[in-house]
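The sequence and coordinates are shown below.

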Amino acid sequence: MEARSKARKQMSRVAAKTGPALSGEHAKARSIAALRKQAEGCERCDLYKNATQLVFGEGPLDARIVLVGEQPGDREDLAGHPFVGPAGRILDECLHEAGVDRSSCYLTNAVKHFKFEQRGKRRLHSRPNAGEIQRCSWWLGAELEQLRPDLVVALGATALVTLLGRSVGVTRNRGELIDAPAGYPVLVTIHPSYLLRIRDGEDAAAQRARFVEDLAKVAAYEADHGAPRRRRL
Ligand code: SF4
């Protein structure tokens, strides 16, 4: 109880609103596996048409921490798993340095199909639009209801919009724990792909260190809330 109130004190006083994923309007199913099965046939927006496959969230069913990214990238689209490309590798390293065990986290994306522009043989990432984010929140909202995590990490602007609408911003609120209306806090940070785009070596190192600092708040929060639950996929 004391730990919980300590964690509450660490939270930002930003009055967060509810984004589409936390609006209560989402898919209904008895399990994550059943949700994934439903989502495999999803045609709620056009993104399924060009993507190779659905990339649904993955991780332990008893995960206390859920990390939400933007959408699968080229590697994820081909592999069918989230965060297995270059950004996922940076995320792994930074989680490790921050003292967070990735294998105990559930990793997912705001949008479940890869959106890209074809340039010759290359498929270049294209940011999902507001309509696509809104449509795909149908699945993220259901994942969060199934998992009922202790803490959600919003990796970048798309994740933040789907969780908390436009009441919170990555630049403005980075590193803050926002007390979300859903009943668990949302930690605001960047998407690891941002680190891959920084050209200046010094700036890249500084931003990476700050990302590790942000993620260290996950480890601190976990420590405040006791031993992890055990019920794996
Ligand atoms: S991106 Fe989301 S909403 Fe659009 S088709 Fe894929 S699963 Fe459905």
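Predicted model: local features only at pLDDT ≥ 70, side-chain atom pairs only at ≥ 80, totals over all residues.

**Ligand shell**

The shell around the ligand holds 15 residues, of which Cys42, Arg44, Cys45, His113 and Cys136 come nearest. Sorted by class, this shell comprises nine nonpolar, one polar and five charged residues. Helix 5, spanning residues 130–147, supplies the largest share of it, with four residues.

In soluble globular proteins, nonpolar side chains tend to be buried together. The largest nonpolar core here has 62 residues, and those with the most contacts inside it are Val66, Val68, Val153, Ala154, Leu160, Leu163 and Val186. The largest share of this core, eight residues, again belongs to helix 5. Leu160 touches Ala154, Val168, Val170 and Val188, when residues up to four places away in sequence are left out of account.

**Packing of helix 2 on helix 5**

The axes of helix 2 (residues 32–40) and helix 5 come within 10 Å and cross at roughly 170°. Angles over 145 degrees count as roughly antiparallel, and helix 2 is therefore roughly antiparallel to helix 5. On the helix 2 side the contact is made by Ile32, Leu35 and Ala39, and on the helix 5 side by Trp139, Ala142, Glu143 and Gln146. By class, this contact has five nonpolar, one polar and one charged residues.

**Helix 6**

Helix 6 covers residues 157–164; eight of its eight residues are buried, so the helix is largely enclosed by the rest of the structure. The buried residues include Leu160 and Leu163, together with Thr158 and Thr162. Among the elements that cover them are strand 1 (65–69), helix 5, strand 5 (151–155), helix 7 (170–173), strand 6 (177–179) and strand 7 (185–189). Gly165 follows helix 6 and has a positive phi, near 65°.

Phe83 and Arg148 are residues other than glycine with positive phi.

| Residue | Phi | Loop |
|---|---|---|
| Arg148 | about 40° | between helix 5 and strand 5 |

Are these two residues buried or exposed? Phe83 has 25 other C-beta atoms within 10 Å and is therefore buried, a residue counting as buried if there are 20 or more. Arg148 has 13 other C-beta atoms within 10 Å and is therefore partly exposed.

How values were computed
Residues numbered from 1 in each chain as written. Near = placed C-beta within 6 Å. Helix = DSSP H or I, 4+ residues; strand = E, 2+ residues; numbered from the N terminus. Nonpolar A, V, L, I, M, F, W, Y, C, P; charged D, E, K, R; others polar. Core = buried A, V, L, I, M, F, W, Y, C linked by C-beta atoms within 7 Å. Buried ≥ 20, exposed ≤ 12 C-beta atoms within 10 Å, placed from the backbone. Contact = placed C-beta atoms within 7 Å. Axes fitted to C-alpha atoms, helices over the stretch in contact; angles between N-to-C directions. Parallel < 35°, antiparallel > 145°, perpendicular 65-115°, else oblique.
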